[in-house]
Amino acid sequence: MSTVNASTILRTSPKVGVDGRKLPEGAEPGGLGRLRHAAELGLDGVFFRSMFEMSETLDPGELREVRALADELGLYLEAGVGKVNPYATPETPEIRILGDGDYLRGMERMIRAAADIGIHELWTGTANYKFGLPGYFVFDRFRTDAPWPDQLTATVKVLKSLAPVLNATGSHINLETHEEITSFELVRIVEEVGPDTVGITFDIGNVLVRAEDPVQAAQRVAPYVRMSHVKDAGLYFTDFGIGHQLVPVGQGVIDWEGVFGVLWREAPHVNLSIENPQLRFEMPLHIYDPTWRAAHPDLTTDELAAIVQMTVTHESRIRNGLAPAREQVYAAPCESEDQLAFITESAAFIRETLAKVTGRGDG
């Protein structure tokens with residue numbers, strides 16, 4: 001990873017921003033509007049999940065305008081360039097169109113367009129959550145037509161193909177700890193392809209879905225983390241095992257001082273982008289199912305036990321009136337004002353916790 005100036009680390013606490021796609025629109029639509037809205041909310045930056053969210057045609061003039069406004073407002077600017085698992089690429093046909101029928105060419109054009117406006121930390125993922133499918137088939141990890149090891153092998157091949165353009169532009173493509181992939185697998189991918197071109201986007205709440213303790217996951221991925229998504233979750237016992245629902249940061253099961261402590265020591269330059277829910281749903285951990293357990297060969301008994309203990313503790317908090325019940329979270333409204341409250345409450349908690357971790361009163 002690139003060297004970070006020590007004096008900069010001493011002066012600057014991590015910046016707290018937001019996922020632009022999930023930030024409810026303010027008075028002005030589009031990328032410029034998202035930036036202004038983020039600044040109005042007192043946030044430090046915006047992560048755009050796709051370059052297309054800043055310009056639908058990747059028009060250089062439009063992209064420069066977004067860059068200029070971010071700089072004027074003092075906001076960090078991050079972006080994504082699509083999925084790198086070729087089994088999932090049909091779900092983003094706009095990138096293949098951009099590449100005149102060649103998905104990799106489309107990604108290369110996005111990488112160069114990002115670099116032209118100074119964005120060199122680029123998000124990517126390996127799959128999408130499949131609403132409507134039963135049980136654990138919502139995760140591409142459990143596809144029966146494309147075994148997960150084959151998907152990982154194909155993903156590595158794509159990343160190696162992108163290495164020349166990433167090296168030429170001085171950029172990194174950062175794989176998310178998304179719901180279908182484990183932190184163990186991501187570390188192996190980064191080490192195989194090379195940390196000079198590939199890093200990790202640490203989505204802190206997602207690792208719970210793979211039954212990983214967020215603090216232990218942070219320790220695993222920290223050497224390679226270059227971006228982050230911040231969200232918390234409540235965990236609830238169910239007939240199938242454990243249910244996972246998003247809650248504002250600080251109201252769930254995650255030990256935030258532990259997680260931020262790791263990141264502050266190992267990756268203090270990483271921006272913290274809040275990801276709020278746009279609808280209510282529950283992600284399943286089928287911990288009682290032998291097929292589910294067999295699909296997690298790296299998962300230890302100790303780490304699974306930690307997730308069970310988090311669930312026990314959270315349900316105790318519910319009984320004591322310190323956290324909302326599973327049914328309340330699931331039924332809670334998710335209108336624009338609710339999403340904004342989620343973001344602002346989360347930002348306040350993150351900054352308060354960062355102040356404790358970093359020893360800085362200004363958070």
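**View 1. Tyr129, Phe131, Phe139 and Phe281 make up one aromatic cluster.** The model is predicted, with residues numbered from 1 along each chain as its sequence is written; local features need pLDDT of at least 70 and side-chain atom pairs count only at pLDDT 80 or more, while totals for chains, interfaces and linings use all residues, and side-chain values use heavy atoms, with hydrogens and water left out. A search of the whole structure gives eight aromatic pairs. Rings of Phe, Tyr and Trp (its six-membered ring) pair if their centres lie within 6.5 Å, and their planes count as stacked under 30 degrees apart, edge-to-face over 60 and tilted for the rest.

**View 2. Tyr129 and Phe281 form a tilted pair.** The ring centres of Tyr129 and Phe281 are 5.2 Å apart, and the pair is tilted because the planes stand at 45°. Tyr129 belongs to the loop between strand E4 (121–125) and helix H6 (148–169), and Phe281 to the loop between strand E10 (272–274) and strand E11 (283–285), so the pair ties together parts that are 152 residues apart in sequence. Helices (H or I, at least four residues) and strands (E, at least two) are DSSP runs, numbered from the N terminus. Tyr129 is buried, at 15% relative accessible area, whereas Phe281 is partly exposed, at 24%. Buried means under 20% relative accessible area, exposed over 50%, and partly exposed in between (1.4 Å probe, protein chains only).

**View 3. Phe131 and Phe281 form an edge-to-face pair.** Here the distance is 4.8 Å centre to centre, with 80° between the planes. Phe131 lies in the loop between E4 and H6 and Phe281 in the loop between E10 and E11, and this pair links parts of the chain that are 150 residues apart.

**View 4. Arg49 and Arg210 each lie over an aromatic ring.** Arg49 is placed over the face of Trp123, 5.1 Å from the ring centre. The charged end of Arg210 sits over the ring of Phe139, at 4.8 Å from its centre. A charge sits over a ring if NZ of Lys or CZ of Arg is within 6 Å of the ring centre and within 35 degrees of the ring normal.

**View 5. The largest cavity holds about 90 Å³ of space.** The structure has three cavities of 30 Å³ or more. On a 1 Å grid over the protein atoms alone, a cavity is a set of points where a 1.4 Å probe fits but cannot get out, and a pocket is an open set with protein on both sides within 12 Å along at least five of seven lines; lining residues have an atom within 4 Å of a point. Grid points are joined across faces, edges and corners, and a volume is the space filled by probe spheres set on the points. Residues lining the largest cavity include His244, Arg280, Phe281 and Tyr330. Strand E9 (242–247) gives the largest share of this lining, three residues.

**View 6. The second largest cavity has a volume of about 70 Å³.** Among the residues that line the second largest cavity are Pro14, Phe260, Trp264 and Thr358. Helix H9 (256–266) and helix H13 (336–358) each supply at least two lining residues, and H9 gives the most, with three.

**View 7. The largest pocket has a volume of about 630 Å³.** Of its 29 lining residues, Arg21, Lys22, Arg49, Asn128 and His178 lie nearest its centre. Strand E3 (76–83) and helix H4 (93–98) are the elements that give two or more residues to this lining.
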